[in-house]
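Q: Could you walk me through some helix packing and the voids around it? I'd like to go piece by piece.

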Amino acid sequence: MAKSLLRTDRELADIYGRHKATVYRVCFAYMKNTADTEDAVQETFFRLIKSGPAFGSEEHEKAWLIRTASNLCKNVLRSWWRRRENLDDHQNLRGSGPAETDEVLSAVMGLPEPYKTAVYLYYYEGYDSAEISKILGKPKSTVRNHLHEARGVLRKKLGGDLNEK
């Protein structure tokens, strides 16, 4: 892993290859449509190129990209322009491809914001609560509470017992 702030095209291509699917899923969790998701993924990797942070490991690299992608998506969703859009214009943008989801993932993506991110990082990306707290900048107890409450919401939505870790 290069410690230099200047990366070669090969290093950037390697980082993109390793993390594009994860960044796409994180962005889709927020944006809910393919077009906005692709824009957010592009902007996330552009910020990587522009800022050129040095990473200690692939996990640090992945955590930086997840944090950057989620902050970028939150900023877009909070923007004044986004609030003025007509939601009916976006109703049929979902499209097919990597964003197609099963029933459980659809339920996860329908969770309120703090729960959705914690559940996604825990169950789909394999982070533990301590790692998630570092990524999100929240106390460990808050992350564990979000996971607990999200399981309850999912249990009601999906019915029955969830196979919990």
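Q: How do α6 and α7 lie relative to each other, given an axis crossing of roughly 130°?

A: In this predicted model, the axes of α6, residues 113–124, and α7 come within 10 Å and cross at roughly 130°.

Q: OK, what about α1 and α6, how are they set to each other?

A: The α1 and α6 axes come within 11 Å and cross at roughly 160°, and since angles over 145 degrees count as roughly antiparallel, that is how α1 and α6 are described here. The crossing of α1 past α6 is right-handed.

Q: Which residues meet there, between α1 and α6?

A: From α1 there are T22, R25, V26, A29 and Y30, and these meet E113, K116, T117 and Y120 of α6. By class, the contact of α1 with α6 has four nonpolar, two polar and three charged residues.

Q: Switching to voids: how many cavities of 30 Å³ or more are there?

A: The count comes to one cavity of 30 Å³ or more, and the volume of the largest cavity is about 60 Å³.

Q: What lines the largest cavity?

A: Its lining consists of V26, A29, Y30, I66, K116, T117, Y120 and L121. The elements giving two or more residues to that lining are α1, spanning 9–31, and α6, and the largest share, four residues, comes from α6.

Q: And by class, what does the lining of the largest cavity have?

A: Six of the residues lining the largest cavity are nonpolar, while one is polar and one is charged. V26, A29 and Y30 of α1 and K116, T117 and Y120 of α6 are also among the residues through which those two helices meet.

Q: Now pockets. What's the volume of the second largest pocket, and which residues line it?

A: The second largest pocket has a volume of about 150 Å³, and its lining is made up of S57, E59, H60, A63, R67, Y127, E131, K134 and I135.

Q: Which helices supply at least two residues of that lining?

A: Those are α3, running over 58–78, and α7, running over 129–136, with the largest share of the lining of the second largest pocket, four residues, coming from α3. In terms of class, that lining has three nonpolar, two polar and four charged residues.

Q: Then how do α3 and α7 themselves pack, and what meets what?

A: The axes of α3 and α7 come within 9 Å and cross at roughly 55°, which makes α3 oblique to α7. The crossing is right-handed, and A63, I66 and R67 of α3 meet K134, I135 and L136 of α7. By class, the contact of α3 with α7 has four nonpolar residues, no polar ones and two charged ones.

Methods
Residues numbered from 1 in each chain as written. Predicted model: local features only at pLDDT ≥ 70, side-chain atom pairs only at ≥ 80, totals over all residues. Heavy atoms only, no water. 1 Å grid on protein atoms, 1.4 Å probe; cavity = no way out; pocket = protein on both sides within 12 Å on 5 of 7 lines; lining within 4 Å. Points joined across faces, edges and corners; volume = space filled by probe spheres on them. Nonpolar A, V, L, I, M, F, W, Y, C, P; charged D, E, K, R; others polar. Axes fitted to C-alpha atoms, helices over the stretch in contact; angles between N-to-C directions. Parallel < 35°, antiparallel > 145°, perpendicular 65-115°, else oblique. Left-handed = near helix turned anticlockwise from the far one by under 90°. Contact = heavy atoms within 4.5 Å.
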